[in-house]
Amino acid sequence: MDTTDEKSQRVRAFMEALPHCRALGLEMTEIGGGQAVMRMPYNPALVGDPATGVVAGGAVSALMDSCGGAAVMCHPKAVASTATLDLRIDYMRAATPGQAITTRAVCHHITRSVAFVRAEAFDDDASTPVAVANGAFTVEMQS
């Protein structure tokens with residue numbers, strides 16, 4: 001059985017190897033115990049509206065989904081496999097152009113087959129979220 005550190009390292013390596021995570025430049029900054037933090041540096045290629053320089057909502061969505069999955073995968077009761085069942089994202093405001101977006105996700109409840117996650121995305125102003133999310137993910141329990 002993996003220790004918490006081994007599981008976290010395995011989840012980090014898995015997330016960093018995913019093509020969409022690499023394409024978006026996602027960086028895992030914290031992982032462990034059912035919590036994950038991922039950062040997406042500002043990239044002009046991800047801008048949805050060239051007139052404003054605001055990052056596209058789809059990139060924020062992918063960041064939040066990936067971070068939520070990582071939180072599930074590193075939960076002490078889950079094994080390293082999950083899939084998104086449902087993810088509701090409420091966009092609160094546009095991210096500030098030129099700033100990285102960070103997401104913190106917490107797997108706050110887990111059953112035999114479903115994990116529940118809350119996530120928040122923010123730029124340099126962590127007091128006012130860019131978006132908040134609630135999700136349900138598949139999960140396999142450790143035997």
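Me: In what order do the six strands of the open sheet lie, and with what pairing?
Reply: In this predicted model, the six strands form an open sheet with antiparallel pairing. Neighbouring strands of the sheet are turned by 15° against each other on average, when direction is ignored. Read across the sheet, the order is β1-β2-β6-β7-β8-β5.

Me: Which residue is the bridge partner of methionine 40 in β6?
Reply: Strand β2, covering residues 35-40, runs antiparallel to strand β6, covering residues 101-110, and six bridges join the two. Methionine 40 is also in contact with residues including Leu24, Val60, Ala100 and Ile101. Its bridge partner in β6 is isoleucine 101.

Me: Which element supplies the largest share of the largest nonpolar core?
Reply: The largest nonpolar core has 38 residues, and Met40 and Ile101 are among those with the most contacts inside it. Helices α1 (4-17), α2 (19-24) and α3 (57-73) are among the elements that each supply at least two residues of this core, as are strands including β1 and β2. In soluble globular proteins, nonpolar side chains tend to be buried together. The largest share here, nine residues, comes from α3.

Me: Does aspartate 123 count as buried or exposed, and at what relative accessibility?
Reply: Aspartate 123 is found in the loop between β7 (114-122) and β8 (131-138), and, leaving aside its neighbours within four places in sequence, aspartate 123 is in contact with Arg93, Ala95, Thr96, Gln99, Ala100 and Val130. Because buried means under 20% relative accessible area, aspartate 123 counts as buried, at 5%.

Me: Which side chain is joined to that of aspartate 123 by a polar contact of 2.6 Å?
Reply: A polar atom of the side chain of aspartate 123 lies 2.8 Å from the backbone nitrogen of threonine 96. The polar contact of 2.6 Å, by contrast, joins two side chains, that of aspartate 123 and that of arginine 93.

Me: How many Å apart in space are alanine 136 and isoleucine 110, C-alpha to C-alpha?
Reply: Alanine 136 lies in strand β8 and counts as buried at 12% relative accessibility. Leaving aside its neighbours within four places in sequence, alanine 136 is in contact with residues including Leu85, Val114 and Phe116. Alanine 136 and isoleucine 110 are 26 residues apart in sequence, and their C-alpha distance in space is 9.5 Å.

How values were computed:
Residues are numbered from 1 along each chain as its sequence is written. This is a predicted model: local features need pLDDT of at least 70, side-chain atom pairs count only at pLDDT 80 or more; totals for chains, interfaces and linings use all residues. Side-chain values use heavy atoms; hydrogens and water are left out. Helices (H or I, at least four residues) and strands (E, at least two) are DSSP runs, numbered from the N terminus. Buried means under 20% relative accessible area, exposed over 50%, partly exposed in between (1.4 Å probe, protein chains only). A polar contact is a pair of N or O atoms within 3.5 Å; within protein, one must be able to donate a hydrogen and the other to accept it, and residues adjacent in sequence count only if both atoms are side-chain atoms. Contact means heavy atoms within 4.5 Å. Two strands pair if DSSP finds at least two bridges between them. Axes are lines fitted to C-alpha atoms, for helices over the stretch in contact, and angles run from 0 to 180 degrees between N-to-C directions. A nonpolar core is a set of buried Ala, Val, Leu, Ile, Met, Phe, Trp, Tyr and Cys residues joined through side-chain atoms within 4.5 Å.
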